[in-house]
Amino acid sequence: MSAPLYGLLAEYPTAEGLLAAVKQVRAAGWVSVDAYAPFTVDGLAEALGAPPDHVAPWTLAGGVIGGLGAYFMQWYSAVVSYPLNIGGRPLDSWPAFLPITFELTILGAAIGTVLAMLVQNGLPRLVHPLFSVPAFDLATRNRFYLVLRGPELADGRKLLEDTNAMLVCEVPQ
């Protein structure tokens with residue numbers, strides 16, 4: 001009995017070859033397709049059918065929460081918790097609150113961005129089945145990879161071989 005498979009890995013020498021293979025595989029009806037490249041390939045995300053990212057709304061939410069939290073914290077301490085009459089100035093002196101409000105808005109937006117990126121990328125993931133394939137080391141240097149996952153991997157192997165892949169291999173679970 002063979003070990004369960006994560007999927008099939010195909011290696012391509014160029015970005016154009018990878019993009020053409022992704023389009024061919026998606027046209028054949030495969031939906032669980034991943035691609036790995038050493039640099040950004042124009043049109044690859046669209047060809048893969050990648051969902052839109054949700055980083056911008058989380059950045060906005062983090063910034064709004066940070067800004068409101070900073071302003072509320074300063075207002076509460078100056079008006080409710082420890083009011084001081086200094087020179088007849090109003091207790092709610094909003095111009096004095098702006099620098100801290102701005103800084104915590106930026107901090108909240110940055111934290112929201114990092115958290116959204118980590119969640120959307122499925123990180124931290126220290127071990128991935130692809131790391132066990134020796135050829136995959138070249139994914140960060142000069143090779144392009146396509147991974148198929150699904151129940152009909154025998155059909156997938158034939159399809160990947162038809163896309164002029166340099167190498168097609170099984171990825172153990």
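Me: How do the residues lining the second largest pocket divide by class?

Reply: There are 8 nonpolar, 1 polar and 1 charged. Here Ala, Val, Leu, Ile, Met, Phe, Trp, Tyr, Cys and Pro count as nonpolar, Asp, Glu, Lys and Arg as charged, and the others, Gly among them, as polar. This is a predicted model: local features need pLDDT of at least 70, side-chain atom pairs pLDDT 80 or more, while totals for chains, interfaces and linings use all residues. Numbering runs from 1 along each chain as its sequence is written, and side-chain values use heavy atoms, without hydrogens or water.

Me: Which residues line that second largest pocket?

Reply: Look for Ala78, Tyr82, Leu84, Ile86, Arg89, Pro90, Leu91, Ser93, Ala96 and Phe97. A pocket is an open set of 1 Å grid points, over the protein atoms alone, where a 1.4 Å probe fits, with protein on both sides within 12 Å along at least five of seven lines; lining residues have an atom within 4 Å of a point.

Me: And how many residues line the largest pocket?

Reply: That one has 29, and Asp34, Ala35, Tyr36, Gln120 and Asn121 lie nearest its centre. By class you get 18 nonpolar, 7 polar and 4 charged.

Me: Now threonine 101: is it buried or exposed?

Reply: Threonine 101 counts as buried because its relative accessible area is 13%, and buried means under 20% (1.4 Å probe, protein chains only).

Me: Which residues does threonine 101 contact?

Reply: Skip its neighbours within four places in sequence, and you find Gly67, Ala70, Tyr71 and Gln74. Contact means heavy atoms within 4.5 Å.

Methods
Buried means under 20% relative accessible area, exposed over 50%, partly exposed in between (1.4 Å probe, protein chains only).
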